[in-house]
Amino acid sequence: MKAVGSGPQNGVHLVFNVETHEYFEKVTSGYGVRMVIHEQGRIVLPETEGLTLSTHQETNIGLRLTKVERLGGKYGSCSDGRSFLDKYHWNYTVQLCYIVCQIEHLETDCGCVPVSTPDLYETNWSVCDTFSNKVQKECVKRTMLIVLNGQVECDCPPRCQEQVYTYTSSGRQWPHANFLRDVLIDEVCDRNYEKPFYEDVCFRFKNYNLTETELTNISHNFAAVNVYFEDLNYELLEEKPMYNPVRFLSDIGGTMGLFTGASLLTYFEILHVFVAIGIFCCSKRRTAVHNID
């Protein structure tokens, strides 16, 4: 989809049915959707970035694009990401680089990788069993503590060129009862009528037998989001050298001109003085003075 204008009317509208009846409430503390807005070609890390969309709410997200260009080389440390892309087939990011660094140290020290390892490797590494295997559990804990304390060097400089999306968010309670009955439940029942969970609910819905309490509980299954650009312009943050060779040579010339007066005009003036002195001396020798009685 290509944005042809700014504002919610030119954005993307998404509705999520989180199906709260399928949540494992013993290992979760709430309901919602994790959303990450990123540039194309990079792996998504919802555990470390993004925002959470609450159920029974419509969230508006206004985006702004910022392009960052760093010089690198002698002006600072940055990575073009080519070697990372060739090795892992994903675009380089600082967050992903640190995760890869942790995973590779875990595999080297403990012989296994975390269960949350991104799909970066084409190997048959075993997953760390931190529940029943006490040796692996202690090894993972010790290695992660070493990495997080900075005792292991992870060469993860910022990218030389990257696109960063900043956003502002706002929300409202959603949906109201009429929209829930007339649109959402009707569409859900059309798509999921044969599923066991929806069979009884949809049957009662078709016969107008759902109570207000049941409608309120069903509304907590839905979350909506509008993603749009606040402005089609973008901000460019570009690094430029403050002191370049041209300015360096100019400062040398200015300093020499200030302290020694060594300018081209001064050289001609000194030459003119020597010539004038020579002419004066020669003319004085040729001039004779005679006394007249």
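Mentor: Let us begin with a term: a residue is called buried when its relative accessible area is under 20%, and exposed when that value is over 50%. Please bear in mind that this is a predicted model.

Trainee: Which residues of helix H6 are buried?

Mentor: In H6, which spans residues 212–219, they are Leu 215, Ile 218 and Ser 219. These residues lie on the same side of H6, because the arc they cover around the axis is only 100 degrees.

Trainee: What covers the buried residues of H6?

Mentor: The cover includes H4, helix H5 (196–206) and strand E6 (222–238).

Trainee: E6 is a strand. In what order do the strands of its sheet run?

Mentor: The order is E1-E6-E4-E5; these 4 strands form an open sheet with mixed pairing. Strand E1 (12–17) and strand E5 (161–173) each have a single partner strand, so they stand at the edges, and one side of each lacks a neighbour in the sheet. On average, neighbouring strands of this sheet are turned by 25 degrees against each other, direction ignored.

Trainee: In which sense do E4 and E5 pair, and over how many bridges?

Mentor: Strand E4, residues 57–69, pairs with E5 in the antiparallel sense over 13 bridges. Within this pairing, Thr 66 stands opposite Val 164 in E5.

Trainee: Which peptide bond is cis?

Mentor: The bond from Trp 174 to Pro 175 is cis, with omega near -5 degrees. Pro 175 is located in the loop between E5 and helix H4 (177–192).

Trainee: And what is the phi of His 56?

Mentor: His 56 has a positive phi of about 60 degrees, although it is not a glycine. The loop that holds His 56 runs between strand E3 (51–53) and E4.

Trainee: Is His 56 buried or exposed?

Mentor: His 56 has a relative accessibility of 15%, and therefore counts as buried.

Trainee: Where does His 89 lie?

Mentor: His 89 lies in the loop between helix H1 (82–88) and helix H2 (94–110). Its phi is positive as well, at about 65 degrees, and His 89 is not a glycine. With a relative accessible area of 53%, His 89 is exposed.

Methods. Residues numbered from 1 in each chain as written. Predicted model: local features only at pLDDT ≥ 70, side-chain atom pairs only at ≥ 80, totals over all residues. Heavy atoms only, no water. Pairing = 2+ DSSP bridges. Helix = DSSP H or I, 4+ residues; strand = E, 2+ residues; numbered from the N terminus. Axes fitted to C-alpha atoms, helices over the stretch in contact; angles between N-to-C directions. Buried < 20%, exposed > 50% of the residue type's maximum accessible area, 1.4 Å probe, protein only. Arc of directions from axis to C-beta. Contact = heavy atoms within 4.5 Å.
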